[in-house]
Amino acid sequence: MTILRPALADSLRALRLSGMLETLDARLNQAQGGDLGYLEFLQILCDDEITRREQQSMARRLRRARFDTEATLEGFDFGASPKLPAAQIRDLAALRWLHAGESIILYGAVGVGKTHVAQGMGHQAIRAGAEVRFHKTSRILADLAGGHADRTFDKRLAGHIKADLLILDDFAMREFTPTQADDLYELISQRVAEGRSVVITANRAPQDWYPLFPNPVVAESLLDRLINTSHQVFMNGPSFRPNKRPKATTTVTK
């Protein structure tokens, strides 16, 4: 736009402020039109750069979370059933539990939206700057089992502990093996001890998890830590899934 523009562009890139180039022309037009003073012009350019960096950082955190879908709380149909605890979920969306190092247990029948709400909470946490990881419980147990096989268990466990929020989807689907129970104990007890939150989705109520553990002592120790630091959300209502099934087609015979 000006003789100085190429040199300015090089300087901004050298300072790692190249995001300012995306809005520079628009801001110059505002300044030249008298809408911005000198300090306002500089401040808005800085704000543009900060916004760009925040958006890029959030996009990276979303990729690292590895959500199944782009499910947000804004996209959840709270009106689908009057039995859904909408007020409780909206209150939890404020993330006070996350800042306090507490956890959430979402339980209820198949298809009522537990995974959607869990991922929605994850999105809320990412917007607040948190690192989130989403895993099917079976997959994280398989990953930890691989650590026993190649002697990288401690490294893998540390990787699952360091995230601010860990989401374990489809928890307590079946009985755990002794090794799986021990691995879950290590994972959850260390996260609780460090004040790192967990969100769990399960079809079974928490009181029904105990028989799934082969060792009652491990079950009591693990679940006592988890349940006593968690907000329990009973997801009640009809399944969303029948509404998503393909409609039957009728074949006309001649």
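At what angle do the axes of helix α3 and helix α6 cross? Roughly 145°, and the axes come within 10 Å. Bear in mind that this is a predicted model. The crossing of α3 and α6 is right-handed. Look at who meets whom. From α3 we have Met58, Arg61, Leu62 and Ala65. From α6, the partners are His123, Ile126 and Arg127.

Stay on α6 for a moment. Gln119 sits in that helix. Is Gln119 buried or exposed? Its relative accessibility is 2%, so Gln119 counts as buried. Set aside residues up to four places away in sequence, and Gln119 touches Phe67, Asp68, Thr69, Ala71, Phe134 and Ile167.

Next, α7, residues 137–150. This helix has 14 residues. From first C-alpha to last, α7 reaches 20 Å, close to the 20 Å expected at 1.5 Å a residue. Which residues of α7 are buried? Thr137, Ile140, Leu141, Leu144 and Gly147. Down the axis of α7, those buried residues fall within an arc of 105°, so they line one face of the helix. What do they pack against? The answer is β2, α8, β3 and α9. On the other side of α7, Arg139, Ala142 and Ala149 are exposed. After α7 comes Arg151, with a positive phi near 65°.

Let's turn to α10, residues 216–227. Its 12 residues should span 16 Å at 1.5 Å a residue, and the end C-alpha atoms are 15 Å apart, which agrees. The buried residues of α10 are Val218, Ala219, Leu222, Leu223, Leu226 and Ile227. They cover an arc of only 125° around the axis, so they sit on the same side of α10. The cover over them includes β1, α9, β4 and β5.

What caps the N-terminal end of α10? Asn215 does. One of its side-chain oxygens lies 2.9 Å from the backbone nitrogen of Val217.

Now a residue in α9: Ser189. With a relative accessible area of 11%, Ser189 is buried, because the cut-off is under 20%. Where does its side chain point its polar atom? One such atom lies 2.4 Å from the backbone oxygen of Tyr185. The backbone oxygen of Glu186 is 3.5 Å from a polar atom of the Ser189 side chain. Leaving aside neighbours within four places in sequence, Ser189 is in contact with Leu184 and Arg225. As for Pro216, it is 27 residues from Ser189 in sequence and 16 Å away in space, C-alpha to C-alpha.

Arg16 is in the loop between α1 and α2. Its phi is positive, near 60°, and Arg16 is not a glycine. Arg16 is at 69% relative accessibility, so it counts as exposed. Ala172 is in the loop between β3 and α9. Phi of Ala172 is also positive, near 60°, again in a residue other than glycine. But Ala172 is at 3% relative accessibility, so it counts as buried.

Definitions and conventions: Residues numbered from 1 in each chain as written. Predicted model: local features only at pLDDT ≥ 70, side-chain atom pairs only at ≥ 80, totals over all residues. Heavy atoms only, no water. Helix = DSSP H or I, 4+ residues; strand = E, 2+ residues; numbered from the N terminus. Buried < 20%, exposed > 50% of the residue type's maximum accessible area, 1.4 Å probe, protein only. Expected span 1.5 Å × (residues − 1). Arc of directions from axis to C-beta. Contact = heavy atoms within 4.5 Å. Polar contact = N/O pair within 3.5 Å; in protein donor to acceptor, adjacent residues only side chain to side chain. Axes fitted to C-alpha atoms, helices over the stretch in contact; angles between N-to-C directions. Left-handed = near helix turned anticlockwise from the far one by under 90°.
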